[in-house]
Every structure is written in structure tokens, then in C-alpha cells.
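Biologist: Hi, I've got a structure I'd like to talk through with you. Can you put it up?

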Amino acid sequence: MWKFSLRMAKDRVFIVAVSAFTILTVYPLLHIIYSVARNGLPVIMERGPTFFTGGMSEAGIGPAIAGTFLLVLLSSLIGLPIAFLVGVYAYEYPDSLIGRTTQALLQIMLEFPTVLVGVFVMDIIVLPMGTFSALAGAFALAIIMMPYVAVYTKEAMRQIPFTYREASFGLGVGRVKAIFRILVPLAKRGITTGILISMAKVAGETAPLLFTAGGLYESYPTSVTEPVGAIPLLIYTLIQSPSKDAHSMAWGASLVLLIFFLGVFIPIRRSLKVVRL
Amino acid sequence: MNNYAIETRKLTIFYGENRVINRVSLKIPKNVVFALMGPSGCGKSTMLRAFNRILELNKDAKIMGKVFLMGQNIYAPNIDPSDIRRKVGMVFQYPNPFPHLTIYENVAMGIKLNGLLKSKEEVERRVKWALKRAWLWDEVKDRLQDYPSNLSGGQNQRLIIARALALKPKVLLMDEPTANIDPVGTRKIEDLIYSLKEEYTVVIVTHSPTQAARVSDCVGFLYLGKLVESGRTKEIFERPQHELTEKFVTGELV
Amino acid sequence: MYSRVADRFRLITSPAVFFVFILFCGMLAVYFSNAYPAIRREGVHLFLDNTWRAAEEPEEEYYGIAAAIWGSIYTSSIAILISMPLAISYSIFVVDCAPKRVKNVLIITSDVMAGLPTIIYGIWGVFVLVPFMKRYVMTPLYEHLHFIPLFSTPPISGFSYLSAGVLLAIMVTPFSSAIIREAYQMVPFRYREGAYALGLTRYEATKVLLGYIKPAIYSGLVLAFGRAIGETVAVSLVIGNSFNLTPSIFSPGYTISSLIANQFGNSFIYGHMRPVLYAAGLVLFLIGFLVNLAGMFILRRWKKNVEI
């Protein structure tokens, strides 16, 4: 016997709606991957390896790829040491006034609009230098990277069971050695994954580079005090050009960026327990 | 003053609002095995941690009164806790070798970081000595580069003892060291503890009166944060002065 | 009782901590000092008027960023309106319905969407979403319902508040759903048991449980709003970048972030434009800051009260 009632009907509708909305939430990602692949693959296939190695005159994005690598490397050099130390401080003294303020500050910086970081760096580095530069771009990316690495570091340290703290301090080696020589290495997996995710994230950033990096797509970067290109920045510029060729190139570059991002993010994410967005 | 390894005077410990240890005055002689016994959860582990100032890692803990190690007031204002901790070795309820270090490195780490020995050979010699003294050498001598995860519970606990011995402390603190070890491993560790008292003073926390009777020379009975009785094990067990003590040693109190 | 030995640890880590403090204060200082000339010159009208008169003669210049402020708030609001059912449904599905392996895949997918470079959302938005919206959503709605003020602008290019709002919704849903999902997952099992033991349908039981985590839902949406409002690249590519101030969702417009992105290049030629853009940045920071503060406050206070 099948009993029909309004209650059951509502329940049915509810389940259907929830499932539909769930699909609707993830569908865009699938469509994006499909679109980028569909539009970008032909471009890459057609131009072959020159797409990755050549400059703009050969319709290639080589300088942009090099630029992205350079920027990520530079920003890591600048930002990682500071962020790491801040994260360890926040772990060791979470309740002190400075500790609590630091954590609040990190939270604020995590949600800071990235374009504003770019404008700030423009004001203090680009204008005095008189030119866009890799240095400026890297500095902007470092500022964005810092709160992520600091928080990942702190969380990774917090996961260490208390008994290891007792054991390491119990050896009488003092706070500095107990933390940096025993506890930090214990947490090194969590810290490294946090660093890698943060690096992947800044590699995909566009807004902070708008007014700092400048763009360089004809030739490979040679100096950090000169303008440099980056893949996201290139895509942004190409989209706004009226030419169809530029758009094709944008799709090709997007495919490169997408593959790079997914290739780094997914494996790392699968080995991490908690992700901070 | 210098007659005792550890002496406390009106030691009182608060965890936040809770008074966990209440004006305990205790004297632990040198070169004995001293068992701190009492029912579970009456502050024994907490008091033990006051003896090497590891308790301070808990931000809620407040310590009042005095504690003397070999006659020295360890809570005096100009004392570096690390100095104290080097002189006192600790063994924990759940064996906690550093999982990311090899067996060798676990024992060597304390020596190296404290700069106790200069050359690599000296460190190696000390590690070997410590593992031998902890009755673990024969079982691990062929796999020093192996990781503690491949050792049994009892072996790991002896590794922890070796780690502590490597620093040549004066006193060894053991917090229910066999609570999570199988009976065979327990027996081995108890024999080891008994053998250590020649050179060290061992303070062992236990909730098992039978273990205290087996292993210790002297004993202190703690109940709800107060020291009820202390003295030579034989006397306390055969002629307990306090009703509570009698209940505990006969197994009525758990 | 505690040692007064000098803490070498603090010595090593403090410089890094101070650097961060100085950096943050520096950022605020730069924005305030650069924005001040504009605020002094135009006063409150800077934020209330919708004009953009860049001129050769510096005295002729006059700027009002109301359109951008409106656009930021409007598009972010559209975004969380769309995002709300999506994020909640997603959380319900992941926690209640999905088998374990699917659950993990869905969570990772959500995190991927959260971390995906925004320029990729942008390029998809420009070449795929906007034409789609124009053809299948905006044009039919306009043709049949253009008497409603909401739909009263003819969708010529498709670049509009609506397109931006939809794109933002897609980008921002993973953030709110992460918060909602975490809270929903932590509802003690006995409440679920209790609801179903009363014979409630899945719909009714879920409603009850969601009511239990209402503050987390608010917090998630508020935080999502904060994210949306700070988004620059993707939005600037699909919003049309025009100085309109209208509730009509098919109309192109501006957001603060896209205004800055778009106009900063020009600002070096015109004497008074730069301070205006810094002032706009200040407004953006303020809105984002207050919104995120509110979101975190709601979440924290609820967590304390409920002890989940």
C-alpha cells in the first residue's frame, strides 16, 4: 500500500533538492575543467613545445612560466622564514597578549583583499624604485603567503601529543632546543604540506601582481629589479585584448595553470587532515 | 639537608581552582626505590612532575611550598628549570620515544643537545652504556638505526629509561611505568628498577600496592592530595598506622 | 616560583612577530595617508556620489565612488543569496547522505574549488558563463518581465551584477559550506537519534538539526560575504565596469575591487584620482574587516555557549 501525504511529498522534494543543489555546487568545477581542456588543448597541441618555451613573438608563454617560478621562489625566500617563526611563536605562547594579538592579526591578514596588498606594495616598493619588478611582486605574494604558512605551522605543532612536549623538555635542553630541534621536526610533515599548499596558492594569484610585477612576455626574466611576467597575469591581460588569437593563448595558458594547480594541490590535500581555506 | 635526594615542605599544587596536592612534606632518601602510591587520580603524577619542574608546562598549575633536590631549592627565583631537568630523568606512563628518530638517536638526542660530550665516539660509547644499563642492548644492538615503532611496549619503556640514564641523572622519576606493559615486560622492568638503586634514587608512582611492595624500599601513601603515611615499605605494609593505609595495602581502596 | 631566566625563544621569534605587526600598521598607514587628500577635498560626497569626472584640469576632477560601493555590496549579497541553499544542501549531503568514499571526494572537490586560481574562474566566466547567462537567463527574463525594475535593463553584453553574483556564488560556496559542514558534523549523535526516534521525516529532522547550528550558518554566510567582496580579478572580468548605480541585476556596474583594478593604471595621469582609489581601498578593507569580525564573533560566541 502506498500512502500519499503532504509530509512525505515534502520529504521527497527535500531529498531531490538537496541532491540537485549538491550537484549544482560541484558541477561548475567539472565544467570549468572541461572548458579549459577543450579550449586550451588544441592551442597547445597546435603549437607544440614552443608554447612552453617560446616568448610572445613565437606565440609562447615561456617567460610567463619562468616568471611564475621566479616569483614563487622569491616570495617563499622572503615570506617563509618570518611566517614560520610567527607560527611557532603563536604555538608556544597562544595566551599571552602578543600571542593573542598575533593570531587575531593573522586572521585579518588571511581575509585581506589581495588587490589591496598589491596597491600597498606598489606604494612602498614600485614607486620609490620607479619601476615594476619581480621583487615587488614577490613581496606582495610573500605578504599574502605569510598568514597561511604561519597558521599551518601553528596547527601542525598543536597536533603534537603533549607527552612529547613533556619528554623533550624533560631532557633539560631548554625551550629553544626542545622546540626547534625536537618538536618542529616531529611536525615537519604537517608544516611542509602547509608550505606547499600556500606556495601553490600564491602561484595562482593575479590581483597582487597587477601593480607590482609589470609583465614581461617577450623575453625571459634576467633580473629581480626588472618587470617580470606570470601566468595568471598574462591570462588576465590576454582576456582583455580584442584579438581571438590572444583569447586562444589565454585558454592555453589557463590549461597550463590548471594542470599545475591540480597536480600540486590534490596530492598534497589528500595527505593533509585539516585545510585552512 | 643533604641527606635526602628529594625533600618537600608543605608542597601544595593547584590545577586552576582544584587543590590537587595539600601541604605535603615528604623526605625521600638517597639510593632507594621510593614508591609514591595511592588510588588512581589523587595527584601522584602531578606531584612527581613538580620534582623536575615539568609541571610548569601546564599553564593552569600553581605550585606553592618548597622542593629540595639534593639540598637545593629547585624553585628558587634564579634557577633555570633546564638545569633541574638535566639532573632528573623521567619515564612516562605511556612509553614516548620520539617516533621520527631512530633508536640510537632517541638515546643520543639528550646527550647531543645538552652538549654533554664532545666527540662522536664518546656519544656512541654513552649510548651503548645507557642501553646496556637499561637491559636493552642485546635486543637492539643489531638494529640501532631502526625505529621505535618496531619495538614492543616493554622494550620501548626500557628505551625511555636508557634515554633518561644517558644524561647520568641523580634521580629517576617514573610515572606508573608498567601501567601499559604486559606482565612479562613488567617483571623485567621491575627487576631493572630494583637494580638501579645502587647508583640512583628512583621515585616510582604506582596505584598498585603489590607493585609497591615488590619493588620499593620506602613508600609514601598519598590519598586525595594528602600524605597519609610514609616510611620503610616493610613496616608500612606489615604495620600500617592509618586505617586508610591498611585499606589500600589490602586492596580495598582502588 | 617560576624562573626568570631570559627566554631565548622569545629573542629568536620576536623579530618576526614584530615585523608582522609593523607590516600591518604600515599597510593601514599607507592607506590612510594616501586616502586623506581625497577625503579632505571632497568630504563625505566621495562615498555618496556616483560620478567619475577625470579631467585635464585638476580642479575639474570630481569623483564619487558610490557606484562601486553599491556594486560590491549588491553583487556579494546576490552571491550569498545564491550560495545559501547550495552550501547548506552540500553540507547536508556530505554529512548525512554520502557514503564514506564519496564524502571524501566531495570534501576535496570543495577544497579544490576554494583554492582554484581565481583567474581560471575569470576566463570561464567571461567566455562561458556570461554568454550562457545572457542567452538562457537574462534575455528571456528581460523579454517577459522587463516591467519589474529588477529586470529592467536590456542585457546587451551579459556583463552585469547578476553574472558577477553568480560567479561569486560559485567561488564562495566552498568557504561557507566548510564552516556549515563542520558544525553540522559536530552535532551530537543523540540529537539525531532523538529527532528520528520521534518519527520525523528526513526533511523535518534536518530542519531541526539545522536550527541547532543556525549561528554557524550565519557565520558561514557572513564570512562568504567577506570573501566575495574582496574578490577582484574574476569579478572585474564579468561585471562590465560601468558607473551605474541601479538595482537592476542585468545592468553592468562596478565593485570597489574592480574599480581599483581598472582605474589604477589611469590614476597616474590625473592628479586627484589616486587618493580616491586609496579611499576606495580603505572602504573595502573596512567593510571586509567588519564583516569578518562579525562572522568570527558569531561563531565563537556560539561555540562557547553550546560547547560543541
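Predicted model: local features only at pLDDT ≥ 70, side-chain atom pairs only at ≥ 80, totals over all residues.

Biologist: OK. How many residues do chain C and chain A put into their contact?

Modeller: Chain A supplies 67 residues and chain C supplies 62 residues. On the side of chain C that touches chain A, helix α1 (residues 8–42) of chain C gives the most, with 14 residues.

Biologist: What's that side of chain C made of, nonpolar, polar or charged residues?

Modeller: There are 42 nonpolar residues, 16 polar and four charged on the side of chain C that touches chain A.

Biologist: At what angle do helix α1 of chain A and helix α5 of chain C cross?

Modeller: Roughly 80°, with the axes of α1 (residues 6–47) of chain A and α5 (residues 118–145) of chain C coming within 10 Å. So α1(A) is roughly perpendicular to α5(C).

Biologist: Which residues make the contact?

Modeller: From α1(A), A:Ile32, A:Ser35 and A:Val36; from α5(C), C:Ile120, C:Trp124 and C:Val128. Five of the residues in this contact are nonpolar, one is polar and none is charged.

Biologist: New topic: which residues touch the most other members in the largest nonpolar core?

Modeller: B:Val203 and C:Val238, in a core of 255 residues. The largest share of this core, 19 residues, comes from α6(A).

Biologist: And what is B:Val203 in contact with, leaving aside its neighbours within four places in sequence?

Modeller: Its contacts include B:Ile6, B:Phe34, B:Leu48 and B:Met174.

Biologist: Last one: what pLDDT does chain A average?

Modeller: 92, and 97% of the residues score at least 70.

Note on methods:
Residues numbered from 1 in each chain as written. Chains lettered and ligands numbered in written order. Axes fitted to C-alpha atoms, helices over the stretch in contact; angles between N-to-C directions. Helix = DSSP H or I, 4+ residues; strand = E, 2+ residues; numbered from the N terminus. Parallel < 35°, antiparallel > 145°, perpendicular 65-115°, else oblique. Contact = placed C-beta atoms within 7 Å. Nonpolar A, V, L, I, M, F, W, Y, C, P; charged D, E, K, R; others polar. pLDDT = per-residue confidence, 0-100. Core = buried A, V, L, I, M, F, W, Y, C linked by C-beta atoms within 7 Å. Buried ≥ 20, exposed ≤ 12 C-beta atoms within 10 Å, placed from the backbone.
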